[in-house]
Amino acid sequence: MSDLFFTLLLLCDSALRLAAPLVLAALAGLYAERSGVVDIGLEGKMLGAAFAAAATAAVTGSPWLALLAGIMTSIGLALVHGFVAISQRGEQIVSGMAINIAVAGLAPTLANAWFHLNGQTPILEDGARFTSINLPFANALSDVPVLGPIYAEVISGHNLLTYLAVALVPLGAWGLFKTRFGLRLRAVGENPGAVDAAGISVHRLRYIAMTIAGILCGIAGTALSIGLSAGFVRDMTAGKGYLALAAVIFGRWYPVPTFLACLLFAFADALQGQLQGTPLPFVGEVPVQFIMMLPYIVTVVVLAGFVGKIDAPKASGIPFTRDR
Amino acid sequence: MKKSILIAAALSLMTWGSGAALATSEPVLIYDLGGKFDKSFNEAAYSGAERYRIETGNTYKDFEPTNEAQMEQALKRFARKGAPLVLAIGIAYQTPLEKVAPEFPDVHFTAVDANINLPNVQSVSFREDEGSYLVGMIAAMKSESGSIGFIGGMDIPLIRKFGAGYTQGARSVNPDIKIMENFVGATPTAWNDPIRGGELARSQFARGVDVIYSAAGPTGLGVIQAAKEAQQYAIGVDSNQNHIAPGTVLTSMVKRVDVVVYESMLAASDGTWAPGNAVRGLAEDGVDYAVDEHNAALITDEMTARVEEAKRMIIAGEITLGE
């Protein structure tokens, strides 16, 4: 029992760590899509931010400057996407993919030119990273039954950006549903004509949404390269941007369900690491390949089986034109 | 019409340009993808070539392909210029070489990691399991918990070979040792995922493992990072990674690509180069474990003595690997 409980705690701990960049990217996708811009470029923005943050941290040694660099890079990419999708009324999927492909090539090339390390950045010292924080009393309380270990193992010991990611979920929900800005943002994704008729600039609102998405992806990328690991490695996002989009759909464009979807995906990911080489009851040891399919099976089953009718924001992906 | 003339002019300029840049009588070194200074495979080849240049005073040419399509082109281009020896680094040259080498029977090719049976090709691969056996012994001797780990990158036979040697070496020290084996993935992204590597390492450390050997390319950096945070040990791979985290990296399993490049260039220049397939293990200095100023304090004299003894026995054939 206690063994199983401990394993479960480790799984949750691992899931929370893996979920942080996913949650941030999913919130970015949620804001973008709620405003009517389909953003498949989450992956590229995260990767760009991861590179900028790691490079800045390597040069300056400051995680805060690195975070700033990550966010600025990501905003820059978001505004490029915004310019194509909003001002030029271009094809949004193409523009997003273009950003993903461009960054996937550009980041290792720049890293190679600057650091000569095979497209990586140097390994960072602890002072240049967001290292894990032990919350107060974590050790003292770990003897308290049930709650103590949960607090010490699962809640404590993450880096600052992970806590920030969790805090941004309620903040994001509040911003979207309890503020005037949020109401307008949702309206612009459903019926931009009405927003325009009310005398509010559709383009301006969508650019703001893209900027927010840029900031969130910037934090997500920074968390990847200087929070969870200690440097940039090519393609280190490994499909997290696309997984985040799946989480947005699964969460039906609502922040809290999206957050839970991210946790589910991260949990499946953590589980596959834990199950490898562990004999299971009745079936014995399961082949590695089978276990590695787990996160993908969960994604497919969840998206195909449980989402039901997909009710996307109506104007999502459609550029706004005033003439008719 | 005008356009096609322009294109033709540009093409001829390009070929002329590359022709002028190449000399003919020097050996040519063509790297694997990833660049010359990758702190690993290619850099080892580069340092072997540099040693040849400094010791003999002869020069060489090198080329860094930026994508797989350039590999065949580069082989052809240098062969056509009459280079006496072309060295291709990495298993990715298997197919291009099989195609290009028969077209240029007078040019000698040396392939590292690939395995080609042609009269003008010398292929050299490594006994990674022998080096892994030695680091497995070191891991088992260092482990206090009696439980060690292995993290492989992509799940392919080559990486299984690393794991098998490691396991056998560890068992030779402690037959009851527990070995936890994880793979990062089944696609090439598994080589570039330090986050999942770190996560797998954390999970192993939490289950009592105290030394992890990763054969996973850049993903292994995540393993080393996780070991540093957990204050446990990691073992590096391919090149000497001891300097990445002194005190954390217990040792590294090194592949001596530099020796292959150096000897092949030297043989070509004094006329003793011969085609064929060679596999380099401990006996041929092809693989080894690394000890330097960064990890000397972690390896005791007793450990060194036992590992050296095992090395001697493997070379003498008293220990056979892979039963």
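Student: What makes strand 6 and strand 7 of chain B a pair, and which way do they run?

Tutor: In this predicted model, seven bridges join strand 6 (residues 147-154) to strand 7 (residues 178-185) of chain B, and the two run parallel. Pairing asks for at least two bridges, so these strands qualify. As one example, B:G149 stands opposite B:M180 in strand 7.

Student: How do you know that strand 8 and strand 9 of chain B pair as well?

Tutor: The same test works there: strand 8 (residues 211-215) and strand 9 (residues 233-238) of chain B share three bridges in the parallel sense, and the cut-off is at least two. B:V211 has B:Y233 as its bridge partner in strand 9.

Student: Why are strand 7 and strand 12 of chain B called edge strands?

Tutor: The open sheet has six strands in the order 7-6-8-9-10-12, with mixed pairing. Strand 7 and strand 12 (287-289) each have a single partner strand, so one side of each lacks a neighbour in the sheet. From one strand to the next, the twist averages 15°.

Student: Which helix of chain B packs on strand 6, strand 7 and strand 8?

Tutor: That is helix 7 of chain B, whose direction makes about 160° with that of strand 7.

Student: What does chain B bring to its contact with chain A?

Tutor: Chain B brings 29 residues and chain A 28. Helix 7 gives the most to the chain B side, with eight residues. That side divides into 11 nonpolar, 11 polar and seven charged residues.

Methods
Residues are numbered from 1 along each chain as its sequence is written. Chains are lettered from A and ligands numbered from 1 in the order in which they are written. This is a predicted model: local features need pLDDT of at least 70, side-chain atom pairs count only at pLDDT 80 or more; totals for chains, interfaces and linings use all residues. Helices (H or I, at least four residues) and strands (E, at least two) are DSSP runs, numbered from the N terminus. Two residues are in contact if their C-beta atoms, placed from the backbone, lie within 7 Å. Ala, Val, Leu, Ile, Met, Phe, Trp, Tyr, Cys and Pro count as nonpolar, Asp, Glu, Lys and Arg as charged, and the others, Gly among them, as polar. Axes are lines fitted to C-alpha atoms, for helices over the stretch in contact, and angles run from 0 to 180 degrees between N-to-C directions.
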